[in-house]
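Me: I've just opened this one and would like a walk through it. Can we take it question by question?

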2 protein chains.
Amino acid sequence: MTEQTSAPVLSDTPRTRHRRLREQGSLNRADLDAVLAAGFVCHLGVVVDGSPMVVPTVYGVDGNTLYLHGSVAGRSMVASPQDVVCVTVTHVDGLVLARSVFEHGVNYRSAMIYGVPRAVTDPKEKLTGLRVLTEHIAPGQWEYARQPSRKELAATALLALSLAEASVKLRSGPPEDGDGSDAALGLWAGVLPLHSAWGSPEPDPALAGGIPVPAHLAALARKRARGRDVQG
Amino acid sequence: MTEQTSAPVLSDTPRTRHRRLREQGSLNRADLDAVLAAGFVCHLGVVVDGSPMVVPTVYGVDGNTLYLHGSVAGRSMVASPQDVVCVTVTHVDGLVLARSVFEHGVNYRSAMIYGVPRAVTDPKEKLTGLRVLTEHIAPGQWEYARQPSRKELAATALLALSLAEASVKLRSGPPEDGDGSDAALGLWAGVLPLHSAWGSPEPDPALAGGIPVPAHLAALARKRARGRDVQG
């Protein structure tokens with residue numbers, strides 16, 4: 001019981017149950033939060049006229065709610081506001097280079113969230129959601145930049161999705177054929193890690209001289225992206 | 001005519017037509033090839049029991065065919081081999097930090113491919129497809145590693161998808177509010193670039209001593225990932 005309290009279990013539905021054995025599945029809320037915190041772009045899957053459509057968009061998290069920028073999928077969102085969507089967030093951490101091609105793979109962290117999104121229409125909640133989204137991506141930017149006008153707010157499509165039905169899949173560590181017969185082949189095996197990192201801020205060429213990079217963006221640029229070390 | 005010959009136009013169907021004005025859409029085959037060449041993980045969208053399911057998987061390109069590792073989506077692939085899928089490949093290049101929250105965005109390159117995938121069952125084509133996939137991800141690795149046995153080949157799910165129906169969306173460059181009224185606010189604006197880079201190869205702890213990193217993997221590790229510069 002104590003363990004369940006400290007690691008809340010997400011819903012275990014047929015859609016979120018893990019079918020494969022070789023990757024680790026997780027229904028822990030902490031793992032979900034970690035994957036979502038490590039990125040800001042998701043892939044939103046919707047069904048349009050019976051066919052899937054997968055579009056990248058930005059997101060932010062507020063408690064049990066995922067806010068999604070909805071305009072990239074404007075067409076589908078308007079077409080079917082009652083339908084289930086699937087939101088997937090994936091971080092690729094490296095190539096798993098085994099002795100055999102068969103054991104090759106990818107180290108990754110991925111979250112899948114299912115639910116019926118709610119189009120946010122109330123201007124106050126829309127403002128809150130946009131703040132959550134902006135602060136998730138670039139903390140400090142909401143207070144620094146000019147906040148949306150009423151007209152801009154009306155022109156912005158925002159979706160809210162519950163995090164209740166979600167699952168996480170992870171793979172990490174070396175290849176798995178180190179103790180099999182292939183180990184005797186004498187081949188190199190290991191992981192080629194893939195890192196993400198912010199570069200130096202690039203000022204808009206239209207920027208008037210003498211405007212410094214604000215402290216919160218300089219701090220973000222220094223921060224290692226996705227919580228990973230960087231090797232240039 | 002000459003221009004069309006040098007830049008083949010992809011299909012222009014309702015699904016691939018671009019609806020938004022602010023991003024650049026492209027139906028050029030060269031742009032599609034460039035986006036596919038710059039990565040190796042896609043998001044595969046399928047419809048399962050009427051709901052979308054978006055799973056990350058690896059891919060390789062051979063002419064007009066995209067080969068996808070299909071086992072991560074084994075369930076859905078087996079369930080509906082006749083259905084259209086949507087494969088999306090996205091590279092996030094940076095944050096667009098404008099004067100106004102409304103003009104914020106992401107610099108990115110993204111390709112969407114629609115089609116009915118074909119499950120590759122012929123062992124010879126499966127071997128070819130796996131070679132294409134392996135060489136796309138880590139050139140030289142197919143010849144270096146132990147190639148799949150007949151049994152391993154049978155246990156591998158591979159999908160082939162035509163690149164005929166595809167589109168590309170791109171955004172690059174600075175924010176777009178440098179010449180509007182917000183320019184007078186005196187706020188910093190620009191782009192915070194996001195880079196991907198390979199780290200140093202990490203040997204499998206189970207590896208016997210004295211096995212060096214092979215030249216093709218050392219070369220890959222030195223290569224700047226996704227064709228972008230790296231700043232640590």
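Me: Which element of chain A has the highest mean pLDDT?
Reply: This is a predicted model, where local features need pLDDT of at least 70, side-chain atom pairs count only at pLDDT 80 or more, and totals for chains, interfaces and linings use all residues. Residues are numbered from 1 along each chain as its sequence is written, while chains are lettered from A and ligands numbered from 1 in the order in which they are written. pLDDT is the predictor's confidence in each residue, from 0 to 100, and helices (H or I, at least four residues) and strands (E, at least two) are DSSP runs numbered from the N terminus. Among the elements of chain A, the lowest mean, 34, belongs to helix H1 (residues 2-6), and the highest, 98, to helix H5 (residues 141-144).

Me: How many contacts does the model have for residues 226-232 of chain A, beyond four places in sequence?
Reply: Two residues are in contact if their C-beta atoms, placed from the backbone, lie within 7 Å. Over residues 226-232 of chain A pLDDT stays under 50. Even there, the count of contacts beyond four places in sequence is 22.

Me: And what is the mean pLDDT of chain A?
Reply: In chain A, 81% of the residues reach 70 or more. The mean for the chain is 85.

Me: What share of chain A is buried?
Reply: A residue is buried if 20 or more other C-beta atoms lie within 10 Å of its own, exposed if 12 or fewer, and partly exposed in between, with C-beta atoms placed from the backbone. Chain A has 232 residues, and its secondary structure comes to seven helices and eleven strands. Strand E2 (residues 41-48) of chain A is mostly covered, with six of its eight residues buried. For chain A as a whole, the buried share is 44%.

Me: Which residue in E3(A) is the bridge partner of Leu44(A)?
Reply: Strands count as paired if DSSP finds at least two bridges between them. E2(A) and strand E3 (residues 51-62) of chain A run antiparallel, joined by eight bridges, and they form a hairpin with two residues between them. In that turn, Asp49(A) has a positive phi of about 50°. Across in E3(A), the partner of Leu44(A) is Val55(A).

Me: Which strand gives the largest share of the side of chain B that touches chain A?
Reply: Here 88 residues of chain B are in contact with 89 residues of chain A. The largest share on the chain B side is nine residues, and they come from strand E10 (residues 190-198) of chain B.

Me: Which residue of chain B comes closest to the rotation axis?
Reply: With copies superposed by least squares on the C-alpha atoms of residues with pLDDT of at least 70 in both, chain B can be laid on chain A with an RMSD of 0.0 Å by a turn of 180° and a shift of 0.0 Å along the axis. That is the relation of a two-fold axis. The copies meet through the same surface, because 100% of the interface residues of chain B are also interface residues in chain A. Closest to the axis in chain B, at 2.2 Å (C-alpha), is Ser196(B).
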